[in-house]
Amino acid sequence: VAQEMFFRWWEVRGQGKEELSESEVRDFYGTVPRWGNRRHLEEWIRNHPERAATDLRKWAALFLQWNDPRAAWKLISETIPEPAFPGKQPALSEADLESKWRQDPADVVNAREWVHALTLTGRDDEALKVLLAVAERVDAPAWFIHKAAHQLAGRGRINEAVEIVVRPRS
């Protein structure tokens, strides 16, 4: 019965472009993983592009749930560009930045500076470790999440890239 209701709602309201109530949106996201499919989600995304700012993570998570991490990453990467480093070079030496990181890993300004310094010297694997250490925190700044995701995807680690973006945050 519930599945029939989903398909009936989809035919009448879900596949249209008209504005939906928040309860309809909530119900769609609650039922599409079980009774819907990729076609439903793709049509939903086309018909509701205004929801991208709030729903991108949900969309990507659904593609990931349906074992299509490439579609999820395509959606993410087309919407969220890889963040750039600040225009200036790090003021401290690599050794000082590393020392500060070891003393206070919660200092995200220092962490970003250290990642920048590591990247400038070609130590990309070490830079990724720092990015991930910060990005995996529940209170991670978006810069680290998005930078880490792009770096992972660039290494072919698409599942991890998507997972780090869609993971619930505080």
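Contact here means heavy atoms within 4.5 Å. Helices (H or I, at least four residues) are DSSP runs, numbered from the N terminus. This is a predicted model, in which local features need pLDDT of at least 70, side-chain atom pairs count only at pLDDT 80 or more, and totals for chains, interfaces and linings use all residues. Residues are numbered from 1 along each chain as its sequence is written, and side-chain values use heavy atoms, with hydrogens and water left out.

**View 1. Helix α4 against helix α10.**
From α4, Arg57, Ala60, Ala61 and Leu64 meet Asn159, Val162, Glu163, Val165 and Val166 of α10. By class, these residues divide into six nonpolar, one polar and two charged. Ala, Val, Leu, Ile, Met, Phe, Trp, Tyr, Cys and Pro count as nonpolar, Asp, Glu, Lys and Arg as charged, and the others, Gly among them, as polar. Two packed helices are described by the angle between their axes and the distance between the axes. For α4 and α10 the angle is about 140° and the axes lie 9 Å apart. Axes are lines fitted to C-alpha atoms, for helices over the stretch in contact, and angles run from 0 to 180 degrees between N-to-C directions. The pair is therefore oblique. Angles under 35 degrees count as roughly parallel, over 145 as roughly antiparallel, 65 to 115 as roughly perpendicular and the rest as oblique. The crossing of α4 past α10 is left-handed. That term applies if the near helix is turned anticlockwise from the far one by less than a right angle; clockwise is right-handed.

**View 2. Helix α5 against helix α10.**
Helix α5 (residues 69-79) packs on helix α10 (residues 158-166) at an angle of about 55°, with the axes 9 Å apart. That makes α5 oblique to α10. The crossing is left-handed. Pro69, Arg70, Ala72, Trp73 and Ile76 are the α5 residues in contact; Ile158, Asn159, Ala161, Val162 and Val165 are their partners in α10. This contact has eight nonpolar, one polar and one charged residues.

**View 3. Helix α6 against helix α7.**
Helix α6 (residues 94-103) and helix α7 (residues 108-120) pack at about 140°, with their axes 9 Å apart. α6 passes α7 in a left-handed crossing. On the α6 side, the contact includes Glu94, Leu97, Glu98, Lys100, Trp101 and Arg102. On the α7 side, it includes Asn110, Ala111, Glu113, Trp114, Ala117 and Leu118. The classes are six nonpolar, one polar and five charged residues.

**View 4. The largest nonpolar core and Phe28.**
The largest nonpolar core has 53 residues. Such a core is a set of buried Ala, Val, Leu, Ile, Met, Phe, Trp, Tyr and Cys residues joined through side-chain atoms within 4.5 Å. Buried means under 20% relative accessible area, exposed over 50%, partly exposed in between (1.4 Å probe, protein chains only). Phe28, Trp44, Trp59, Trp73 and Val162 have the most contacts inside this core. Leaving out residues up to four places away in sequence, Phe28 touches Phe6, Trp9, Trp10, Pro33 and Trp44.

His40 sits in helix α3. Its relative accessibility is 1%, so His40 counts as buried. Beyond four places in sequence, His40 touches Phe6, Phe7, Trp10, Val32 and Trp35. His48 lies in the loop between α3 (38-47) and α4 (52-65). His48 counts as buried because its relative accessibility is 2%. Not counting residues up to four places away, His48 touches Gly14, Gly16, Lys17, Glu18, Leu20 and Trp59.

Trp66 is partly exposed, at a relative accessible area of 22%. The C-alpha atoms of Trp66 and Arg38 are separated by 7.7 Å, although these residues are 28 apart along the chain. Not counting residues up to four places away, Trp66 touches Val32, Pro33, Gly36, Asn37, Arg38 and Leu41. Asn67 counts as exposed, at 68% relative accessibility. Asn67 is not a glycine, yet has a positive phi of about 60°.

**View 5. Pro86 in the loop between α5 and α6.**
Pro86 is in the loop between α5 and α6. At 21% relative accessibility, Pro86 is partly exposed. Its C-alpha atom is 9.0 Å from that of Arg112, 26 residues away along the chain. Neighbours within four places aside, Pro86 contacts Arg112, Glu113 and His116.

Technical notes
Helix = DSSP H or I, 4+ residues; strand = E, 2+ residues; numbered from the N terminus.
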